[in-house]
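Please keep the sequence and the 3D view at hand while reading.

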Amino acid sequence: MPIALAAACLGLVLLVGHAVGRLREAERLVARNYAESLTALDGIRNAASELSHLRVDHIRARITADPVERAKLSDRIAERYQSLSANVGAIAARSRPALISQAAVSARDSMSIWHEAMRTASGRQEEAADLDELADGAQTQITHLAAATERYGFSVHKTAEAAIADRILVIEGIVGAMVALVPLVAWLLILRIQRAAAADAVAPPSSRAGMEARAEATDQTSHGPVARADDPEWTPSPPDMTELVDAAQEGLIFTDGDRRIVYANASAAALTGIGPDALRPGEPASATLADLLPGGPMESKDKVRLTDGRWLRVGRRPAPDGGTLLVLADVTDRKRSDDRAEATAVSLRTALDSMSQGLCLYDAAHRLVVANRRYEEIYGQEAGSLTTGMTSTEVLERSMSAGNHPGSTLSELLGEATRILTKSDRDHNFQELAGGRIIQIDVSPTAEGGFVATYDDVTERWHAESRIAYMARHDALTDLPNRLLLAERIEGAITQASREAGFAVHCLDLDNFKQINDTLGHAVGDELLCAVAHRLTACLREVDTVARLGGDEFAIVQAGVETAEDAAVLAQRIVEVVSTPYELAEHSVTIGVSIGIALAPADGMAPDRLLKSADVALYKSKGDGRGVFRFFEAEMDDRLQARRLLEIDLRAAFAAEVFELYYQPIYDLSQDRISGFEALLRWTHPTRGRVSPAEFVPLAEEIGLIVPLGEWVLRKACAEAARWPGTLKVAVNVSAAQFRSAQLISTVREALAETGLAAQRLELEITETVLLADRGSTVAILHALRAMGPRISMDDFGTGYSSLSYLRSFPFDKMKIDQSFIRDLTVENGSGFIVQAVISLGTNLGMTMTAEGVETEAQLARLREEGCDEVQGYLFSPPVPVSQIAGLLEKWNGAEEAAQAA
Ligand code: C2E
Ligand code: MG
Ligand code: MG
């Protein structure tokens, strides 16, 4: 009881203290009000100055002669007036004191009158004085408004300050008195309790009776001391403290050992919802209350929920007589916020545990606050084994014990963790765990000075990305570096070269690889490329690089090259190693290689330039007969440029169909007449002039243009020959490139069918190079062609490889001896014997022998002598356009045939 009373006193003191605090707060608010009124005053002063500006603008607008300026000013006036009138209007609406709001209304009205008068003024001089007066009036009203606001604000402030100071004084006095009264109250209370204890001592043993007696005593006390003045037991009653106890926010209920109410304060009724009647002294504890008391179903709960949903905190104190003191407090709000916090915590935990990333939150002292399930999984920890408060070092130690970091010491791991913590670039925060797992770690600081680390198992992504990065720089077939990586290696070599020796770039191209691919199939081609890659790698040192650029092209960066000789030695070795026969799974194959070499720094110091120069040199080595290497020379580049330009022109000429066919007679020596004509391509370029087929045909072969061009020649020649007299033949040159596909057969068939030319009148001239390529399929095509009727001639015999075995591989109908032999035919120690031998050989093999390039009578005489069948050359006629054929026929074969041709 004394404690409760003391608490009540204390509560009262706090209450009063609180009131004083609130008063001080009020004082501050008044001060702030004053400040605000000063701000309002500021606003009014601004309005006054704005009004002056407006006045000036109005005057300017009245006097200016410039209509543009007037329009500008009138816009500004409208804008200014609108804002000014809105400001003053707002003061009129907001100010509570009538004095101020009236002053504001007057100011606004006089401003409006003046503004309207200005706006509608005609501009006459006589108006000026009136307008000025109106403006002065408006300005005076604003000044009044300012003065009224200032006066009012100041007086309010002063009055409030005085009033508040008075009240604070009074309250502080009360508090002092209260504090002085507390010991007195306490003393009286103790006296009263002692008296009650004495009464208990004489009362019947039942504690209920004792309680009743006390209740009665309490009851009687309320009747005042006079009622007991004659009672010998009477001792002075303490002042009635019920009010103090009732004022307590907590509910206080005393029950006796028989669970009857001894006392309940006002808050008890309000908090429990039990009516005040049921809480009178002596009443048995109601059902609700009994539930709360010891032995009740809610005995063990310190918080109970009432039927209306509120939560009570229940404090139980046993009294010495078996009774109970219940202290009740409404904790509904607290309980709700606790529940919310708990629900949030549960959701958070669930969210953390369902994250796909591992997470650890550490506080400022690097102690673990929380680690989620995924973290434990990634680092092989038992569920729940990482507990709050563990240091980051302990967490690392556990990871080590789980075997995640074989070969790493704790200090190394700590160093790594520190690096990750301090590194801002998360893209590189990777940790490799045992078993090759890669974890990406992302660390962010928290507002509390700690940090949160997330752990993402990116193993699969990492491997996929590494693979992609590798593939982007390597050739899928041979696994050698590709063009991209080669360029990087050349860049690296350039950096090195500036300090040490130079380096060489070799460009390699396999000779006749296409034929292997075409005849043996791509699988064999691929197998061969891998075998070549393997041999090339074996030829090089660690510091060198070999790359596959695509198809059958390779490139080598040879480091530390001091002289050209160093590069030549390697190139020679490669030529030898690569051309050694290969034993593939099902075939034995031989291939050659041509090499072009560029030297750095002599030939350039940029990857592109070096590769291009090496490529130019490669082109040269191909032209020089393959299987060789050539160093880059500046002139080669010029030649290559020229060739490229020719290529562009050639393609354009084909597209524009500017080619022509000329015809050169073939003279039959036994019949002494022209037996046919050879069709020869002619190309006249607008600036180059006549371009020789010896120049453009090889290029057309190289770029594949010869196939459609050859087809055009064939159709055109057949079509024109079909108009010639019956027995005249036409010879058409067919390139080796046209033999690469069986399409040639259908082209010939179609040309004959379309033009109606008898197949026997067509001769197809091929060179030895056709047979060089792939003899099997070429011979098959030749047979197929001849089976259709045309005759097959071997052209330019004696140039090329002139292997007699070619003559055995296919029974040619005709052999044309190359003009280079005919040229020297009649000179001393010339080619007479060769020509003689060739004619005799060909004749014995059953071939028609034709001599090309016959220019003199002597050559003709000798050829007749040797038994040659046909001749062709300028002696008879150079190649001529089709229109001149009739003339030639007339000259050599007589007018009759010429007339048929015309
Ligand atoms: P070719 O088939 O051996 O043609 C004979 C070449 O010798 C022609 O050169 C011709 O003009 C030239 N010629 C003829 N008589 C004489 C002579 O008495 N003295 C000299 N010095 N030359 C003579 P052209 O027309 O320049 O053709 C060169 C080569 O171009 C041809 O050699 C042939 O291999 C090729 N060619 C020409 N037209 C075609 C064609 O339509 N298709 C293919 N694939 N190649 C063609
Ligand atoms: Mg020819
Ligand atoms: Mg020829």
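The model is a predicted one.

Start with the sheet that contains β1 to β5. This is an open sheet of five strands, and its order is β2-β1-β5-β4-β3, with antiparallel pairing. Strands β2 (261-264) and β3 (303-305) stand at the edges with a single partner strand each, so one side of each has no neighbour in the sheet. From one strand to the next the twist averages 25°. One residue pair can be picked out here: Arg 305 has Trp 311 in β4 as its bridge partner.

A second open sheet of five strands has mixed pairing and the order β12-β13-β11-β16-β17. Its edge strands are β12 (545-550) and β17 (629-631), each of which pairs on one side only. The twist in this sheet averages 20° from one strand to the next. Strand β12 is joined by five bridges to strand β13 (residues 553-561), and these strands run antiparallel. Within that pairing, Ala 547 stands opposite Ala 555 in β13.

Which helices pack on this second sheet? Helix α14 (residues 483-497) lies across β11 (502-511), β12 and β13, and runs at about 155° to β11. Helix α18 (residues 607-623) also packs on the sheet, where it touches β11, β13, β16 (592-600) and β17. The direction of α18 makes about 140° with that of β16.

Now turn to the metal ions. Which residues hold the magnesium ion that is ligand 2? The magnesium ion (ligand 2) is coordinated by Glu 678 (OE), Asn 733 (OD1), Glu 765 (OE) and Asp 795 (OD), at 2.1 to 2.3 Å. These donor residues are spaced E-x54-N-x31-E-x29-D in sequence. Glu 678 lies in strand β19 (residues 673-685) and Asn 733 in strand β21 (residues 729-733), so this pair ties together parts that are 55 residues apart in sequence. The two residues can also be set side by side by accessibility. Glu 678 has a relative accessibility of 4%, and because the cut-off for buried is under 20%, Glu 678 counts as buried. Asn 733 has a relative accessible area of 29% and is partly exposed.

The magnesium ion (ligand 3) has its own set of donors: Asp 795 (OD), Asp 796 (OD), Glu 852 (OE) and Glu 852 (OE), at 2.0 to 2.5 Å. Along the sequence the donor residues follow the spacing D-D-x55-E. Distant parts of the chain are linked by Asp 796, in strand β23 (residues 791-797), and Glu 852, in the loop between β25 (848-851) and α28 (857-866); the two residues are 56 residues apart. Asp 796 is partly exposed, at 24% relative accessible area, whereas Glu 852 is buried, at 8%.

What connects the two magnesium ions? Asp 795 coordinates both the magnesium ion (ligand 3) and the magnesium ion (ligand 2), and the ions are 3.8 Å apart.

Ligand 1 comes next. It is surrounded by 21 residues, of which the closest are Gln 664, Asn 733, Asp 795, Gln 819 and Glu 855. Other residues bring polar side-chain atoms to ligand 1. Glu 678 places one 3.0 Å from an oxygen atom of ligand 1, and Asp 796 likewise has one 3.0 Å from an oxygen atom of ligand 1. For Glu 855, a polar side-chain atom lies 2.5 Å from a nitrogen atom of ligand 1.

The last stop is Glu 701, which is found in helix α20 (residues 693-702). Glu 701 is partly exposed, with 30% relative accessible area. Which residues does Glu 701 contact, leaving aside its neighbours within four places in sequence? They are Ile 706, Ser 735, Ala 736 and Ala 737. The C-alpha atom of Glu 701 is separated by 8.5 Å from that of Gln 738, which is 37 residues apart from Glu 701 along the chain.

Methods: Residues numbered from 1 in each chain as written. Chains lettered and ligands numbered in written order. Predicted model: local features only at pLDDT ≥ 70, side-chain atom pairs only at ≥ 80, totals over all residues. Heavy atoms only, no water. Helix = DSSP H or I, 4+ residues; strand = E, 2+ residues; numbered from the N terminus. Buried < 20%, exposed > 50% of the residue type's maximum accessible area, 1.4 Å probe, protein only. Contact = heavy atoms within 4.5 Å. Donors = N, O, S within 2.8 Å, 3.2 Å for Na, K, Ca; no water. Pairing = 2+ DSSP bridges. Axes fitted to C-alpha atoms, helices over the stretch in contact; angles between N-to-C directions. Near = heavy atom within 4 Å. Polar contact = N/O pair within 3.5 Å; in protein donor to acceptor, adjacent residues only side chain to side chain.
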